Amino acid sequence: EQHRIDHTSHCARVVENMFKLIRLILVAGALAAGGVGLTHHNQSTGYTREAFGDGWSDTDGDGCNRRNDILARDLTAKKTQGCRIIGGTLKDPYSGKTIRFSIEDPQAVQIDHIVALSWAWQHGADQWSARKRERFANDPTNLLAVDGPTNMEKSDAGPDEWLPANNRCAYVKQFNKIVDKYRLDSQPFDC
């Protein structure tokens, strides 16, 4: 059990570091192109993934971590080992693609925070208790199983910087609901 938790925390840190690297590459490319496509975040100091807990928690007490709960909810034709999802099919809500998920290629399907943790930090989550941040990071209403590369493209952007190819209005409405639910500092976005 401890090995699985350590592995999950390690994976979460690897994914977070990949997002940071991709953001740096995109910024460097935009700067090289004279600033084309460059957006500026109000980067609050102190943001780390760990401020929102140690990866995927078992917040509902069912013995399964939240990542597996979301995969179980969003995949079809699931294959399981206990509560661990080891295979299945995703109809990606962002790209519209059908994606086969397996433990051999776990990054093909990633769990997206609709309101990204970094975005939330920049809009008020830096003032929350650690417990509230962990609840936010594991809130199933803020989590979707999605195409891995699309999730990496989205990174920590809000709807003013990124929208999915499919279901744009549904995405924006859910984003606004989460912002409202957690009373984050932002005006509603239009779809």
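Q: Which residues do ring pairs link into a cluster here?
A: This is a predicted model, and in it ring pairs join Tyr 47, Phe 52, Trp 121, Trp 128, Phe 136 and Tyr 182 into a cluster.

Q: How many aromatic pairs does the count come to?
A: The count is 14 aromatic pairs. Take Phe 52 and Phe 136: their ring centres are 6.3 Å apart and their planes sit at 50 degrees, so this pair is tilted. Phe 52 is in the loop between α1 (2-32) and α2, while Phe 136 belongs to helix α4 (residues 130-137), so the pair ties together parts 84 residues apart in sequence.

Q: Are Phe 52 and Phe 136 buried or exposed?
A: Both Phe 52 and Phe 136 are buried.

Q: What describes a pair of aromatic rings?
A: You use the distance of the centres and the angle of the planes. For Tyr 171 and Phe 175, the centres are 6.1 Å apart and the planes are at 50 degrees, so that pair is tilted. Tyr 171 and Phe 175 are about one helical turn apart, because they're four residues apart in helix α6 (residues 168-181).

Q: Why does Tyr 171 count as buried?
A: Buried means under 20% relative accessible area, and Tyr 171 has 4% relative accessibility. Phe 175 counts as buried too, at 0%.

Q: Now for Arg 66: where is its place?
A: Arg 66 is in helix α2 (residues 66-74). Arg 66 is buried, with a relative accessible area of 8%. Leaving out residues up to four places away in sequence, Arg 66 touches several residues, among them Trp 56, Asp 60 and Asn 138.

Note on methods
Residues numbered from 1 in each chain as written. Predicted model: local features only at pLDDT ≥ 70, side-chain atom pairs only at ≥ 80, totals over all residues. Heavy atoms only, no water. Helix = DSSP H or I, 4+ residues; strand = E, 2+ residues; numbered from the N terminus. Buried < 20%, exposed > 50% of the residue type's maximum accessible area, 1.4 Å probe, protein only. Contact = heavy atoms within 4.5 Å. Phe/Tyr/Trp six-rings, centres within 6.5 Å; stacked < 30°, edge-to-face > 60°.
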